[in-house]
Amino acid sequence: MRVGVHINRFNHPAGAPALGAELAAAGAAAEAAGVSWLSVMDHYFQMEFNGGAEDPMLEAYTTLSFLAAHTETVRLGALVTGVTYRHPGLLAKIATTLDVLSGGRAALGIGAAWYDREHEGLGVPFPPLAERFERLEETLRICLQMWDPAANGPFEGTHYRLAETLCVPAPVSTPHPEIMIGGSGEKKTLRLVARYGDACNLFATSPDEVRHKLDVLRRHCDTEGRDYDEIRRTMTYSVDTADGSDPDAFTRDITGYTKLGIDTVILAPRTGAPAEWIERFTAPAVQRLAELD
């Protein structure tokens, strides 16, 4: 099981002027620790349970581009982009640019979106849930068409219509940036993973719950004629830095997930100063998980 880090707070004690140096240090610390994945949230406002809308929040893809310039090996992605945040043609172009400039290290993390306050706050349309899922599937189709050099042409969907799907330069990743679909909805989200996804992302709720979700994904793969083992399985594990991030407690808890075929556990510390935490907690976690294998 590999280890990723999800940077989800930007409330550095020294304020906004310190964020650039902190993120650069976090990237360096992640690579030194042997971390394979580095992500940030894609939100306009900070989430209510993670500090609230008045807390600092950086734009995701600008931040990922900054991290690309300060790292060399980690895969980079948003965890995850809400389908409503950007027009799908623009989103494909943004993800492609990140992939090209990072040397093929970009992933497209995407989901159906849920945070109504940030949409209403900045005047971004927030359609009903059923329509968001329709838009999510069309967006996945558009991205795949844009990443296929032989498929340039119009796209005619219910919600999106593109006269051309040109994407030049093409992604460096082969055949395209990894598509990671976030969420655990059994009827729609996991079906979309089986149909379009290269990776899924679940929350580490409990080993039994994650096992059940993966069983549902396997059944969707059978229905779609998809090889379940082609899909990289990841899970996000929230870490409360206020408790000292006990490595022994972490190891005991994570052991229950090690037999489920999880490729990467993505640690999400609730701190605005992640570099020191990565050095102190994540580096030993990488070694402990290697020993569990």
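**Salt bridges and a helix pair**

Glu224 has a relative accessible area of 28%, so it is partly exposed. Keep in mind throughout that this is a predicted model.

What does Glu224 pair with? Its salt-bridge partner is Arg195, and the closest N and O atoms are 2.8 Å apart. The two come from distant parts of the chain, with Glu224 in helix α7 and Arg195 in helix α6, 29 residues apart. Arg195 is also partly exposed, because its relative accessible area is 36%.

That brings us to the two helices themselves. Two packed helices are described by the angle between their axes and the distance between the axes. Here α6 covers residues 189–196 and α7 covers residues 207–224; the angle is about 50° and the axes are 8 Å apart. At that angle, α6 is oblique to α7. The crossing is right-handed.

Which residues make the contact? From α6 they are Leu190, Arg191, Val193, Ala194 and Arg195, and from α7 they are Lys213, Val216, Leu217, His220, Cys221 and Glu224. By type, that contact divides into 6 nonpolar, 1 polar and 4 charged residues.

Back to salt bridges. How many are there? The count comes to 21. I will show two others.

In one of them, Arg117 is paired with Glu54, with the closest N and O atoms 3.1 Å apart. This pair also links distant parts of the chain: Arg117 sits in helix α4, residues 116–122, while Glu54 is in the loop between β2 and α2, and 63 residues separate them. Arg117 counts as partly exposed because its relative accessibility is 33%. Glu54, at 66% relative accessible area, is exposed.

In the other, Glu131 pairs with Arg135, and the closest N and O atoms are 2.8 Å apart. Both are in helix α5, residues 129–146, and they are 4 residues apart, so about one helical turn separates them. Is Arg135 buried or exposed? It is buried, with a relative accessible area of 19%; the cut-off for buried is under 20%. Glu131, at 23%, counts as partly exposed.

Last, the histidine. His176 lies in the loop between β7 (161–162) and β8 (178–182). Its relative accessible area is 16%, so His176 is buried. What does His176 touch? Leaving aside residues up to four places away in sequence, His176 touches Leu144, Trp147, Pro171 and Asp198.

That is the tour; questions are welcome.

Definitions and conventions
Residues numbered from 1 in each chain as written. Predicted model: local features only at pLDDT ≥ 70, side-chain atom pairs only at ≥ 80, totals over all residues. Heavy atoms only, no water. Axes fitted to C-alpha atoms, helices over the stretch in contact; angles between N-to-C directions. Parallel < 35°, antiparallel > 145°, perpendicular 65-115°, else oblique. Left-handed = near helix turned anticlockwise from the far one by under 90°. Contact = heavy atoms within 4.5 Å. Nonpolar A, V, L, I, M, F, W, Y, C, P; charged D, E, K, R; others polar. Buried < 20%, exposed > 50% of the residue type's maximum accessible area, 1.4 Å probe, protein only. Salt bridge = Lys/Arg side-chain N within 4 Å of Asp/Glu carboxyl O.
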